[in-house]
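Here is a short briefing on one chain. Look over the sequence and the model before reading on.

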Amino acid sequence: AEALAMRELGGEAAYDAQMLKYRFSTNMRGNTAPLVSHDGSTVKDVYKSGIYAKGAMLMHTLRYVIGDSLFFPMLKKFATNVKYPYNQFFTTADVEQFFIKETGKNLSPIFNFYLNTTKEIEINVYQLASDRYNMTVSNAPIDSLPLDIATDSGIIHTIMDATIDKPFRIESKTPPVIDPRGWYFRKIIFH
C-alpha cells in the first residue's frame, strides 16, 4: 500500500523508486527465510524475512504479470470485499485463491516462489559482440515469463520460455537493461 500511495502522490517514477527500496531491503536482509512462517516461529523470525518488502515485491510482480487493467480493480475488489474486513483475519491462501479466481490463471507458482522460498530468478546475459547479447532465464516461477528489456532502440517486450535453455538474442549498441522497472525479485549476471 505504501508503494501505491507513492504512485498516487508522485506517479510511476515515485512508485518505481519505492519498489527499488523494497528490493534493496529484501537483498540487504539476506533473504534467508521464506516469508510464510512455520509453527514455532518467533516474532523475530517472522520479521527477519523482510516480510513487508518481499510481500510488496510479490504484489509488484502480480501487477506486471496480470496487467494494470485487471490488477487494480481486483485489488480494490479484495480490499472492499466484506468477506475480508480489517477486523477479521484472512490467510495467504485466501489472497492467492482470490487472485486465481479473478484472473482464471494459475498464479500459485508465483505465490509459492515469493512466499515459500528464498529463490531469485536468475537472468544470465552473455555478450557475443559489441552489439549482440544472448540471455537465458532460470529459476523462474512461471514457464512463460513476461520480460522487458531496454536497448538502444527502445523497450523490447518479450515472453521468455523458462522451460528451455534456448537463449534469447538481443541486439543493442549499448548494454541491455533487463527488467528495467524491477518487476521481479531477480539477479542479473553479465558474462
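What pLDDT does the chain average, and what share of the residues score at least 70? The chain averages 87, and 93% of the residues score at least 70. Here pLDDT is the predictor's confidence in each residue, on a scale from 0 to 100. This is a predicted model, so local features need pLDDT of at least 70 and side-chain atom pairs count only at pLDDT 80 or more, while totals for chains, interfaces and linings use all residues. Residues are numbered from 1 along each chain as its sequence is written, and side-chain values use heavy atoms, with hydrogens and water left out.

**Fold and confidence**

- The chain holds six helices and seven strands. Both are DSSP runs numbered from the N terminus: helices are H or I with at least four residues, strands are E with at least two.
- From the N terminus, the order is α-α-α-α-α-α-β-β-β-β-β-β-β.
- Among the elements, helix α2 (residues 43-48) has the lowest mean pLDDT, 67. Strand β6 has the highest, 96.

**Overall dimensions and surface**

- Along its principal axes, the C-alpha trace spans about 60 × 35 × 30 Å.
- Of the 191 residues, 39% count as buried. Buried means under 20% relative accessible area, exposed means over 50%, and partly exposed lies in between (1.4 Å probe, protein chains only).
- The accessible surface comes to about 10900 Å². Carbon and sulfur atoms account for 56% of that surface. Areas come from the Shrake-Rupley method with a 1.4 Å probe; for residues, only the protein chains shown count as cover.
- Take contacts between residues at least 6 apart in sequence: 59% join residues at least 24 apart. Contact means heavy atoms within 4.5 Å.
- The chain carries 21 positive and 20 negative charges, and their mean positions are 2 Å apart. Lys and Arg count as positive, Asp and Glu as negative; His and the chain ends are not counted. Each charge is placed at NZ of Lys, CZ of Arg, CG of Asp or CD of Glu.

- Arginine 63 sits in helix α3 (residues 51-66). Its relative accessible area is 2%, so arginine 63 is buried.
- Beyond four places in sequence, arginine 63 touches Arg7, Glu12, Tyr15, Asp68, Phe71, Phe72, Arg181 and Trp183.
- Arginine 63 and leucine 75 are 12 residues apart along the chain, with 9.6 Å between their C-alpha atoms.
- Tyrosine 184 lies in the loop between β6 and β7. This tyrosine is buried because its relative accessible area is 1%.
- Contacts of tyrosine 184 beyond four places in sequence include Arg23, Met57, Tyr64, Tyr114, Leu145 and Asp179.
- Tyrosine 184 and arginine 23 are 161 residues apart in sequence, yet their C-alpha atoms are 8.9 Å apart.

**Positive phi**

- Most residues other than glycine have a negative phi.
- Aspartate 179 has a positive phi of about 55 degrees although it is not a glycine. Aspartate 179 lies in the loop between β6 (177-178) and β7 (186-190). With a relative accessible area of 1%, aspartate 179 is buried.
- Asparagine 139 also has a positive phi, near 65 degrees. The loop between β2 (132-138) and β3 (144-151) holds asparagine 139. Asparagine 139 is partly exposed, at a relative accessible area of 29%.

**Partly exposed sites**

- Asparagine 116 belongs to helix α6 (residues 108-116). Its relative accessible area is 38%, so asparagine 116 counts as partly exposed.
- Outside four places in sequence, asparagine 116 is in contact with Pro34, Val36 and Phe111.
- Asparagine 116 and alanine 33 are 83 residues apart in sequence and 8.4 Å apart in space, C-alpha to C-alpha.
- Serine 37 is in the loop between α1 (2-28) and α2. Serine 37 is partly exposed, at 38% relative accessibility.
- Serine 37 and arginine 7 are 30 residues apart along the chain, and their C-alpha atoms are separated by 30 Å.
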